[in-house]
Amino acid sequence: YSDGTGTVEQIARIAQRQGLDFLILTDHNTLRAKREGKEGFRGKTLLLVGSEISSEGHYLALRIQEDVPQGQKFQPTADAVTAGGGLGFIAHPLWRKKRWEHWKLRGFTGMEIYNAAQDATEENPVSLILWTLLTGSEVAVSRWLDRPDRTLELWDRYLANRGPVVGIGGADAHGLKRVGLRLGPYETLFKLVRNHLLIPGELTEAAVYDALGKGRLFVAHDILADARGFRFTAVKQDKVLGTMGEEVRWEPGLRLRAILPGLGEMTLFLDGRPVQKTRGWEGWFDVKGKGI
């Protein structure tokens with residue numbers, strides 16, 4: 001209903017084929033898909049509708065029932081989303097290498113810590129065309145994927161100075177058609193970055209938004225490996241005190257435990273800096289003091 005080329009039905013079928021549990025559509029400045037009754041289960045995939053609002057940049061509004069006016073500054077936009085009971089996320093904060101400047105923004109839920117479209121075009125928009133041509137090559141995909149250091153530094157700065165800010169991943173899939181090619185096809189971008197939510201019970205709209213609002217999730221590049229099964233918890237004497245999205249009180253003997261779905265390398269960051277590294281299926285990290 002805005003600048004994507006796929007219909008809701010086409011996009012939903014792709015999500016079903018990939019076995020996605022849920023998918024959230026965020027057309028620019030419209031909830032038309034919601035008003036036309038497009039939300040709900042398509043097979044086993046729960047399809048939900050939010051909006052990407054054009055403000056001083058782009059702002060993702062989830063769990064809203066009414067359109068939010070576009071063209072406002074960020075703070076009125078964030079306030080309107082919150083007033084409507086919604087969750088607000090800063091979209092691609094470093095789009096086109098533009099540094100985030102709105103440090104006084106309040107009342108938002110979180111930010112995209114990885115955006116596939118931003119990653120693809122950050123160095124040169126032509127790279128998206130080249131990558132599309134080489135989509136079938138794992139070597140090409142792994143070469144294209146970089147740790148989003150600048151965005152994660154921004155996230156760490158918010159966490160240190162503002163408190164809990166939820167980090168999410170965005171496929172930002174448009175299915176754009178250029179020079180006879182579909183650039184960044186839905187099929188690929190839905191694999192490239194996924195949000196894995198921790199939901200204790202039945203998959204419902206309320207459960208999805210509750211997990212997103214509380215940060216009970218992790219972001220992964222499933223195009224390289226199936227990330228299901230990853231766990232990250234705070235433990236003391238074999239008792240789990242907290243998991244992703246939660247805050248625990250520091251005390252002597254507190255440890256962090258990471259479990260991977262496959263063999264890999266793990267790096268623990270403290271206040272934005274790498275402090276411990278290990279390799280294997282499971283990692284234990286001693287917590288020596290307060291921090292993020």
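Biologist: Is glutamine 72 buried, partly exposed or exposed?
Modeller: Keep in mind that this is a predicted model. Glutamine 72 sits in the loop between strand 4 (58-62) and helix 3 (74-83). Buried would need under 20% relative accessible area and exposed over 50%. Glutamine 72 has 27% relative accessibility, so it counts as partly exposed.

Biologist: Which residues does glutamine 72 touch, not counting residues up to four places away in sequence?
Modeller: Start with serine 55, which is 17 residues from glutamine 72 in sequence, yet their C-alpha atoms are 5.3 Å apart in space. Leaving out residues up to four places away, the ones glutamine 72 touches are Ser54, Ser55, Glu56 and Thr77.

Biologist: Now asparagine 29: its side chain makes a polar contact of 3.3 Å with the side chain of which residue?
Modeller: Asparagine 29 is in the loop between strand 1 and helix 2 (32-35). Beyond four places in sequence, it touches Ser51, Glu52, Ile53, Ser54, Asp67 and Gln70. The side chain that joins it in that 3.3 Å polar contact belongs to glutamine 70.

Biologist: What does leucine 23 contact, leaving aside its neighbours within four places in sequence?
Modeller: Leucine 23 is one of the two residues with the most contacts inside that core, and Phe190 is the other. With the sequence neighbours set aside, the list for leucine 23 is Ile11, Ala15, Thr45, Leu46, Leu47, Leu48 and Phe190.

Biologist: Which strands are at the edges of the open sheet of 4 strands?
Modeller: The sheet runs in the order 13-12-14-15, with antiparallel pairing. An edge strand pairs on one side only, and that picks out strand 13 (239-243) and strand 15 (273-286).

Biologist: Over how many bridges do strand 14 and strand 15 pair?
Modeller: Let's look at some partners. Methionine 266 is bridged to threonine 278 in strand 15, and leucine 256 has phenylalanine 285 as its partner there. The hairpin of these strands has 2 residues between them, and aspartate 271 takes a positive phi near 50°. Strand 14 (residues 255-270) and strand 15 pair in the antiparallel sense, and the bridge count is 12.

Biologist: And which residue of strand 14 is the bridge partner of threonine 233?
Modeller: Strand 12 (residues 231-236) pairs with strand 14 in the antiparallel sense over 5 bridges. For threonine 233, the partner in strand 14 is arginine 257.

Biologist: Zooming out, what share of the residues in the protein chain is buried?
Modeller: The chain has 9 helices and 15 strands. Its accessible surface comes to about 15700 Å², with 51% of that belonging to carbon and sulfur atoms. Of the 292 residues in the chain, the buried share is 43%.

Terms used. Residues are numbered from 1 along each chain as its sequence is written. This is a predicted model: local features need pLDDT of at least 70, side-chain atom pairs count only at pLDDT 80 or more; totals for chains, interfaces and linings use all residues. Side-chain values use heavy atoms; hydrogens and water are left out. Buried means under 20% relative accessible area, exposed over 50%, partly exposed in between (1.4 Å probe, protein chains only). Contact means heavy atoms within 4.5 Å. Two strands pair if DSSP finds at least two bridges between them. A nonpolar core is a set of buried Ala, Val, Leu, Ile, Met, Phe, Trp, Tyr and Cys residues joined through side-chain atoms within 4.5 Å. A polar contact is a pair of N or O atoms within 3.5 Å; within protein, one must be able to donate a hydrogen and the other to accept it, and residues adjacent in sequence count only if both atoms are side-chain atoms. Accessible areas come from the Shrake-Rupley method with a 1.4 Å probe; for residues, only the protein chains shown count as cover.
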